[in-house]
Amino acid sequence: MSDSTNLLFVGLSQSGKTTYLAALWHVLEDQSSATKLKLKQLSGDRTYLNLIVEAWRACVPVPRTTLQTDDTMVALHLEGDGFGEFTLSVPDLGGEAFDQQIEHRKMSAAHAALFRQANGVLLFVHPDVKKGTQISDQDQITASIGGATEAGSGASGHAAVPVPWKVEMLPTQAKLVELLQFLLDLVDHRLRVAVVVSAWDLVADLGQTPLKYVSGRMPLLRQFLDANDDIVDHAVFGVSAQGGAIPDDKSKLLELDSLKRIRVCHGSEDDHDITKPLAWLLGGK
Amino acid sequence: MAEAAPTVAAPEEDVAADQAEGQANVDLFAGYEMSAVDTEDITLRWPTQLIVFAGAEGSGKTTMLAALYEHLGRGSFAGFDFAGSRSLLGFEKTCHANRVISGGTRPTTERTIPSDEAAYYHLALRERAGERRRRQVLLSSLSGELYRWARNSREECEKLTFLNRANAIVVLVDGEKLASLEQRVNAHADAAGILDAFLDAKMVPSGAHVEFVFSKLDRIRAAGESALAFLKQTQEKLETKFRARVPQLVFRELAARPGPSSEEEELSNGLATAFATWAVLQARVTGDGGQVPQPPSDAREFSKFGWRRAEEGRRAKQ
């Protein structure tokens with residue numbers, strides 16, 4: 001294990017990056033639960049971490065990282081069985097910057113440098129994905145339940161489109177593939193990507209593994225990761241960092257042991273160790 | 001490093017300078033349909049299969065292209081996984097008219113605007129079985145007007161120089177028109193005229209895979225026996241007209257985006273079979289019986305050379 005490891009949090013706006021970081025900091029600082037990674041020592045400026053963790057502990061919305069707030073570099077001095085001691089650098093990048101990369105096709109030089117130095121990536125996605133439902137698919141469903149479809153359905157002639165296309169209409173899976181393509185353009189080494197489906201509590205009742213969930217909701221992303229397995233290793237985690245919806249579940253969450261609010265699913269495993277995705281990125285299983 | 005995604009990002013030293021200034025941005029690839037020059041980033045790096053969809057206005061060229069991407073958006077297709085695209089935004093834009101978010105009420109395709117610049121859509125694919133080889137595919141779908149002009153004038157046809165690079169030329173016969181008594185003869189003549197013009201202007205490379213595809217098969221079937229009989233008759237006439245000049249001529253019937261019916265799965269399978277054929281690189285044969293030079297099989301080594309060359313060319317033009 002090298003002394004310094006650079007991990008990136010990548011994801012669109014409100015995909016759960018900062019909430020994850022807040023919960024991670026709470027767990028590391030608390031030091032009372034069994035986790036794959038542990039805090040070795042306190043160091044550096046912890047103002048930002050303490051700001052976001054305060055909100056997390058009170059079950060109020062964690063302040064979002066935006067274009068107006070500078071990207072914040074967090075350095076964590078960690079250790080773990082099989083990992084030794086190391087410094088983990090995690091910039092908390094605003095999701096809006098990633099949205100803008102897709103729309104304006106430019107990346108700040110600072111972000112490009114971070115991408116190049118990345119040893120691993122946590123790719124965050126909120127389960128409420130924009131799917132890009134097709135009219136023809138909708139017609140199939142309508143027909144299958146005996147409903148009437150629009151006259152002329154199935155035609156492929158030209159017609160005016162009421163709402164013009166905009167980049168922001170891209171389905172989530174297309175946006176995430178674009179972000180990964182930008183990233184892979186810049187790195188020259190094999191990369192580990194941990195896909196984190198945030199707010200896992202919203203979809204856990206479906207009974208699917210996180211991998212199965214991504215395969216079903218974002219097949220293009222799943223194919224992209226599978227097809228590039230010669231340059232990207234990937235794993236999919238379901239993470240509920242907040243523990244529930246804020247403010248609806250606030251009272252219930254505040255009653256719980258704060259460490260038990262967190263839920264991390266990977267394959268058939270389901271526990272409270274929020275360091276698991278990071279440990280996997282660092283070469284663990 | 002990413003084979004699916006050749007870079008146009010600034011070199012590292014430029015980035016360092018940018019960082020020093022703290023202002024400048026790194027340009028990312030555009031993401032829309034590509035010009036011929038843009039495609040060099042791909043064609044100089046990897047063996048690439050160019051599939052040209054040709055046909056009259058409304059014959060289904062863009063729908064075909066959109067349907068291929070729509071299938072991949074739902075999962076593995078035709079034995080391939082989606083491994084990337086330099087024109088993801090272009091595909092998405094093409095599919096918009098069939099998206100609920102467009103506000104439309106029936107599946108459609110926006111008309112392709114005529115342009116002198118050939119537009120290519122890129123797909124990087126990975127075979128799901130066997131050696132799991134990577135495939136680079138460029139799809140060309142120009143406005144039907146350009147093919148009409150090519151049909152009207154040899155000079156216009158000779159402007160379609162990308163045809164000389166095509167591995168597969170797919171001429172669409174508009175199935176919807178074929179199903180109409182009034183329009184069916186013209187549908188036949190449009191398609192035949194286009195291939196005739198290509199051959200007359202010597203734009204079809206020797207050894208290229210050439211197909212006539214009867215599009216919108218669901219419409220032809222819905223029109224009944226008479227339309228199906230006319231399709232058969234049209235195929236026989238095209239066979240008679242072109243077989244001697246195009247010995248490997250293939251005929252196919254497809255519905256790229258069939259309407260709700262019990263035949264949907266069968267029709268989708270037809271598109272998958274077709275795409276698997278078009279997407280697999282075939283060694284072309286030159287006029288003297290030799291092989292058209294192909295990029296070396298060591299795509300990674302070749303890619304370094306190709307990338308440097310493409311970069312030098314790009315910079316020289318700036």
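Chain B has twelve helices and eight strands. The model is a predicted one. Of the 318 residues in chain B, 51% are buried. Now take the contacts in chain B between residues at least 6 apart in sequence: 77% of them join residues at least 24 apart.

Start with the sheet of chain B. Seven strands form this open sheet, and their pairing is mixed. In what order do the strands lie? The order is β3-β4-β5-β2-β6-β7-β8. Two of these are edge strands, β3 (80-84) and β8 (250-253) of chain B, and each pairs on one side only. From one strand to the next, the twist averages 30°. As a general point, strands of a sheet pair through backbone hydrogen bonds, either parallel or antiparallel.

At one place, B:Gly84 stands opposite B:Ala124 in β4(B).

Next come two helices of chain B. Two packed helices are described by the angle between their axes and the distance between the axes. The pair is α5 (residues 144-152) and α8(B), whose axes come within 8 Å and cross at roughly 60°. The crossing of α5(B) past α8(B) is left-handed. Which residues of the two helices meet? From α5(B) come B:Tyr147, B:Ala150 and B:Arg151. From α8(B) come B:Gly193, B:Ile194 and B:Ala197. By class, this contact has four nonpolar, one polar and one charged residues.

Stay with helix α8 of chain B, residues 184-200, where B:Phe198 has its place. Is B:Phe198 buried or exposed? B:Phe198 counts as buried because it has 25 C-beta neighbours inside 10 Å, and 20 or more is the cut-off. Leaving out residues up to four places away in sequence, B:Phe198 touches B:Cys157, B:Leu163, B:Met203 and B:Val204. B:Glu127 is 71 residues from B:Phe198 in sequence, and their C-alpha atoms are 32 Å apart in space.

A loop residue can be buried too. B:Gly259 is found in the loop between β8 and α11 (264-279) of chain B. With 24 other C-beta atoms within 10 Å, B:Gly259 is buried. B:Gly259 and B:Glu33 are 226 residues apart along the chain, and 27 Å separates their C-alpha atoms.

Finally, turn to chain A and its strand β6, residues 120-125. How many residues of β6(A) are buried? Six of its six residues are, and the strand is mostly covered. In a regular strand the side chains alternate between the two faces of the sheet. In β6(A), A:Gly120, A:Leu122 and A:Phe124 point one way. A:Val121, A:Leu123 and A:Val125 point the other way.

β6(A) has parallel partners. With β1 of chain A (residues 4-11), β6(A) pairs over five bridges in the parallel sense. There, A:Leu8 stands opposite A:Val121 in β6(A). Six bridges join β6(A) to β7 of chain A (residues 191-197), and these two strands also run parallel. In this pairing, A:Phe124 stands opposite A:Val196 in β7(A).

How values were computed:
Residues are numbered from 1 along each chain as its sequence is written. Chains are lettered from A and ligands numbered from 1 in the order in which they are written. This is a predicted model: local features need pLDDT of at least 70, side-chain atom pairs count only at pLDDT 80 or more; totals for chains, interfaces and linings use all residues. Helices (H or I, at least four residues) and strands (E, at least two) are DSSP runs, numbered from the N terminus. A residue is buried if 20 or more other C-beta atoms lie within 10 Å of its own, exposed if 12 or fewer, and partly exposed in between; C-beta atoms are placed from the backbone. Two residues are in contact if their C-beta atoms, placed from the backbone, lie within 7 Å. Two strands pair if DSSP finds at least two bridges between them. Axes are lines fitted to C-alpha atoms, for helices over the stretch in contact, and angles run from 0 to 180 degrees between N-to-C directions. A crossing is left-handed if the near helix is turned anticlockwise from the far one by less than a right angle, and right-handed if clockwise. Ala, Val, Leu, Ile, Met, Phe, Trp, Tyr, Cys and Pro count as nonpolar, Asp, Glu, Lys and Arg as charged, and the others, Gly among them, as polar.
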